[in-house]
Amino acid sequence: MLDAQNSWNVERWTRDPGFAAIVMSEVSPRAAEQSESALVTAAKAGNYDAFEQLVNRYEHKIYRLGLNITGNPEDAEDVLQEAFLKAFENLPRFREDSRFYTWIVRIAVNQALMKLRKRRTDRSVSLDDPIEEDGEVIPRDFADWKPNPEQLLGRTETREVLEKAIQDLPPSFRTVFTLRDVEGLSTEETAEMLGLTISAVKARLFRARLRLREELSKVFKRG
Amino acid sequence: MNCRDVFREISNYVDGDLDAELKRAIEAHACGCHHCEVVVDTTRKTIELYCDGRLFAIPLHVRQRLHATLRQKCQGKLS
């Protein structure tokens with residue numbers, strides 16, 4: 001068993017096939033990629049079970065992506081359902097020149113941005129806005145963090161701290177941060193997906209990371 | 001190289017997206033500067049926490065609704 005030392009993970013593994021799929025894809029990306037291709041082929045041929053396995057594999061990431069971008073659990077659930085429904089409908093046209101994961105992320109990002117624009121009308125929603133020049137970003141908290149903050153705080157509490165911090169970012173910052181650092185897309189993929197320049201992605205990512213670090217430092221610092 | 005120079009490049013540094021000379025200069029500075037060492041370390045930890053899939057799970061009821069909806073709509077299209 002992969003996480004034999006961690007009873008929480010073992011329990012989770014046995015009751016949640018989606019979680020098992022996430023762990024497996026992290027353990028063996030190459031094997032996961034090969035089996036992903038086989039699942040896509042089977043799903044295209046009309047095998048619903050194969051499609052459901054793809055859903056199991058990525059539903060956590062797509063829900064988190066929707067939640068991070070929209071900041072609203074109801075919208076995140078809509079994004080999740082709409083993204084996989086659209087993927088199923090468009091599967092025959094998926095040319096497989098990218099990974100299924102990249103393709104479903106692209107669909108979900110479009111759905112999430114539409115939700116965001118619909119829900120809010122203020123200018124802050126636009127991803128094309130210039131970065132607000134509220135001065136140079138300078139770190140203010142220089143305290144070391146406690147070792148293993150997620151263990152000391154507990155997973156639920158840690159998750160709440162992370163969610164609160166990311167939701168306090170402007171949408172354009174948290175969208176870039178989510179694609180780059182949470183979903184693991186490259187700078188180029190993120191820029192292309194959001195219609196931004198490489199330098200705009202880097203500038204937003206820089207500010208997002210430092211702002212998040214400041215917020216988390218308040219909770220995780222020693223003493 | 002001073003602290004502000006390090007902060008300005010910190011995002012590129014943690015991504016490994018710097019030329020070798022600039023990388024060495026940052027490391028040489030951070031080696032003797034506790035503030036910069038902490039900021040580099042905690043920026044890395046920030047990213048690690050957010051990409052830790054184990055901390056995040058889809059709520060069970062959301063997952064159940066997703067699978068029920070997909071099964072109903074997708075399998076209807078297959079038959």
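Residues are numbered from 1 along each chain as its sequence is written, while chains are lettered from A and ligands numbered from 1 in the order in which they are written. In this predicted model, local features need pLDDT of at least 70 and side-chain atom pairs count only at pLDDT 80 or more, whereas totals for chains, interfaces and linings use all residues.

Chain A contains 11 helices and zero strands, where helices (H or I, at least four residues) and strands (E, at least two) are DSSP runs numbered from the N terminus. Of its 223 residues, 39% are buried. A residue is called buried if 20 or more other C-beta atoms lie within 10 Å of its own, exposed if 12 or fewer do, and partly exposed in between, with C-beta atoms placed from the backbone. Contacts in chain A between residues at least 6 apart in sequence join residues at least 24 apart in 66% of cases; a contact requires C-beta atoms, placed from the backbone, within 7 Å.

One helix of chain A, α5, covers residues 73–90. Its 18 residues reach 25 Å from first C-alpha to last, close to the expected 26 Å, the expected span being 1.5 Å times one less than the number of residues. Buried residues of α5(A) include A:V79, A:L80, A:A83, A:F84, A:A87 and A:F88. In the loop between α5 and α6 (100–119) of chain A sits A:E96. A:E96 has phi near 65 degrees, a positive value in a residue other than glycine. Why is A:E96 classed as exposed? The reason is that A:E96 has 12 other C-beta atoms within 10 Å.

Next come the nonpolar cores, each a set of buried Ala, Val, Leu, Ile, Met, Phe, Trp, Tyr and Cys residues joined through C-beta atoms within 7 Å. The largest has 57 residues, of which A:I62, A:L80, A:A83, A:I104, A:A108, A:A112 and A:V176 touch the most other members. Leaving aside residues up to four places away in sequence, A:I62 touches A:L80, A:A83, A:I104 and A:A108. Another core, of nine residues, lies apart from this one and includes B:V6, B:F7, B:I10 and B:Y13. In soluble globular proteins, nonpolar side chains tend to be buried together.

Chain B has four helices and zero strands, in the order α-α-α-α along the sequence. The C-alpha trace spans about 65 × 25 × 15 Å along its principal axes. Buried residues account for 28% of the 79 residues in chain B. Helix α2 (residues 20–31) of chain B holds B:E27, which counts as partly exposed because it has 15 C-beta neighbours inside 10 Å. B:E27 and B:V40 are 13 residues apart in sequence, with their C-alpha atoms 9.9 Å apart.

Where the chains meet, 28 residues of chain B are in contact with 39 residues of chain A. On the chain B side, α1 (3–14), α3 (34–50) and α4 (60–78) each supply at least two residues, and α3(B) gives the largest share, 10 residues. This side has 16 nonpolar, eight polar and four charged residues. Here Ala, Val, Leu, Ile, Met, Phe, Trp, Tyr, Cys and Pro count as nonpolar, Asp, Glu, Lys and Arg as charged, and the others, Gly among them, as polar.

Definitions and conventions. Two residues are in contact if their C-beta atoms, placed from the backbone, lie within 7 Å.
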